[in-house]
Amino acid sequence: MMTEQLEQFREQTRAWLEANCPPAMREPIRSEKDIVWGGRNPDWAHPDQKLWMDRMAERGWTVPDWPTQYGGGGLSPAETKILREEMKRMGARTPLNSFGISMLGPALLKYGTEEQKLEHLPKIARGEIRWCQGYSEPNAGSDLAGLQTWAEDAGDHYVVNGQKVWTSYADKADWIFCLVRTSKETKQGGISFVLFDMASPGVSTKPILLISGYSPFCETFFDNVKVPKSQRVHDENKGWDVAKYLLGHEREMISGMGLDRAGGNPLIEGAIATIGLDDQGRLADPILRAQIALFEVRMRAFSAMSERFLDELKAGRAHPAQPSMMKYVGTELNKQRHELIMAAGGSDALEWESEASAKGARPRAWLRTKANSIEGGTSEIQLNIVAKRILELPG
């Protein structure tokens, strides 16, 4: 697309966003309640959350680069990038966060039947269905292909029995995309990828508490759950292909935590509030100041790398192992950010219960980041992938 046309698109996009993004949706995200997940029974913290999501969904901009027939905006990679830039410029919040958008959607676009795409993708784009991911099991974490949740062939449907663990938001999700074993002949070759409603008879969940006192994680149990074969994505026993493709998009999503997308700068703001400024207007603690400066440089470099990675991914030129590299660096940066937030806050940052500390928002968030190096594939696994697939080091 010519530069003149892109500039015209930018002007039109800026004008539409200015006219349609409510003021409340331009404020920084301060807590979990500010994040919109959609679903059958959404919990709106502010009426403008629904207004903003609906307006963006009507335009197809909750998934701007998806085809229009599936609820997307049909934008080119260049137009999608402009939309992201204009939203960032005005501080507009992401209208809809969804595992359906970040993980299942790309997998369905690649592997789903036309019927499956038309059934599920528009609902994802409109925020009508909230999804969770049924991958890890008690004895199948890093060795995911060792999963044992069994799907028995019952003619036109499967009967699923087994257990998943670390299922994020399973207690709030409407549907699940799930890996099940349909053959025991080979490890990776006996896995199928299925979709089913969490309200199906035989599905139950149990929350898993973390040291932070808050957790999105659940154990998920399947007891003779009937799953129509029409809800199997790709061929039977070929689910590992879908799983690997989806994991790449999951790692891309998780890597985004390395970027500061909440608006404002809680790290700098908190440090100034606690430590103060010197007579030259700089943070009074020179060591912490240097540590924060180094972190900011690393984050900006990662942000630039992320832009390049997204461009390459959309163009189909990204290295298959690059999501592992991005996931590792992004999660390490997020952990470093919260370590610095705690250091900048001093002893006050350890406070756990008061209203002044928002019920210990800082220490709870810091403790939560300890799982970043595990979820979505451990850091050790990601480094092994980078060593073998990108650096081509000997085994």
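Predicted model: local features only at pLDDT ≥ 70, side-chain atom pairs only at ≥ 80, totals over all residues.
On the α8 side, the contact is formed by Leu-288, Gln-291, Ile-292, Phe-295, Arg-298, Met-299, Phe-302, Met-305, Ser-306, Phe-309 and Glu-312. The residues of α9 that meet them are Gln-322, Pro-323, Met-325, Met-326, Val-329, Gly-330, Leu-333, Gln-336, Arg-337, Leu-340, Ala-343 and Ala-344. Sorted by class, the contact of α8 with α9 comprises 15 nonpolar, five polar and three charged residues.

Gln-322, a residue of helix α9, is among those that take part in the contact with α8. With a relative accessibility of 6%, Gln-322 counts as buried, since the limit for that class is under 20%. When residues up to four places away in sequence are set aside, Gln-322 touches Met-305, Phe-309, Glu-312 and Ile-390.

Helix α9 also packs against α6, which spans residues 239–255. Here the angle is about 25 degrees and the axes are 8 Å apart. This makes α6 roughly parallel to α9, because angles under 35 degrees are classed in that way. The crossing of α6 and α9 is left-handed. From α6, Gly-248, Arg-251, Glu-252, Ile-254 and Ser-255 contribute to the contact, and from α9, Pro-323, Ser-324, Met-326, Lys-327, Gly-330 and Thr-331. The contact of α6 with α9 contains three nonpolar, five polar and three charged residues. Pro-323, Met-326 and Gly-330 of α9 are named in the contact with α6 and also in the contact with α8.

Tyr-245 is another residue of helix α6. Its relative accessible area is 30%, so Tyr-245 is partly exposed. Apart from residues up to four places away in sequence, Tyr-245 touches Pro-106, Ala-107, Lys-110 and Tyr-111. The C-alpha atom of Tyr-245 is separated by 9.1 Å from that of Pro-320, although the two residues are 75 residues apart along the chain.

The loop between β8 (232–233) and α6 holds Asn-237, and His-234 is found in the loop between β8 and α6 as well. His-234 is not a glycine, yet has a positive phi of about 70 degrees. At 24% relative accessibility, His-234 counts as partly exposed. Asn-237 is in contact with Thr-182, Ser-183, Gln-188, Gly-189, Gly-190, Ile-191 and Ser-192, leaving aside its neighbours within four places in sequence. Between Asn-237 and Arg-368, which are 131 residues apart in sequence, the C-alpha to C-alpha distance is 35 Å.

Helix α7 covers residues 266–275, of which Leu-267, Gly-270 and Ala-271 are buried. Viewed down the axis of α7, the buried residues fall within an arc of 100 degrees and therefore line one face of the helix. An α-helix has 3.6 residues a turn, so residues three or four places apart point the same way. The elements that cover the buried residues of α7 include α8 (286–314) and α9 (322–345). Just after α7, Gly-276 takes a positive phi of about 85 degrees. A positive phi is also found at Ala-358, where the value is about 55 degrees although the residue is not a glycine. Ala-358 lies in the loop between α9 and α10 (361–368).

A further helix pair is formed by α1 (residues 3–20) and α3 (residues 77–90), which pack at an angle of about 40 degrees with their axes 10 Å apart. Helices α1 and α3 are therefore oblique to each other, and α1 passes α3 in a right-handed crossing. The α1 residues in this contact are Leu-6, Phe-9, Arg-10, Thr-13, Arg-14, Leu-17 and Glu-18. Those of α3 are Ala-78, Glu-79, Ile-82, Leu-83, Glu-85, Glu-86, Met-87, Arg-89 and Met-90. By class, eight nonpolar, one polar and seven charged residues make up the contact of α1 with α3.

Conventions. Residues numbered from 1 in each chain as written. Heavy atoms only, no water. Buried < 20%, exposed > 50% of the residue type's maximum accessible area, 1.4 Å probe, protein only. Helix = DSSP H or I, 4+ residues; strand = E, 2+ residues; numbered from the N terminus. Arc of directions from axis to C-beta. Contact = heavy atoms within 4.5 Å. Axes fitted to C-alpha atoms, helices over the stretch in contact; angles between N-to-C directions. Parallel < 35°, antiparallel > 145°, perpendicular 65-115°, else oblique. Left-handed = near helix turned anticlockwise from the far one by under 90°. Nonpolar A, V, L, I, M, F, W, Y, C, P; charged D, E, K, R; others polar.
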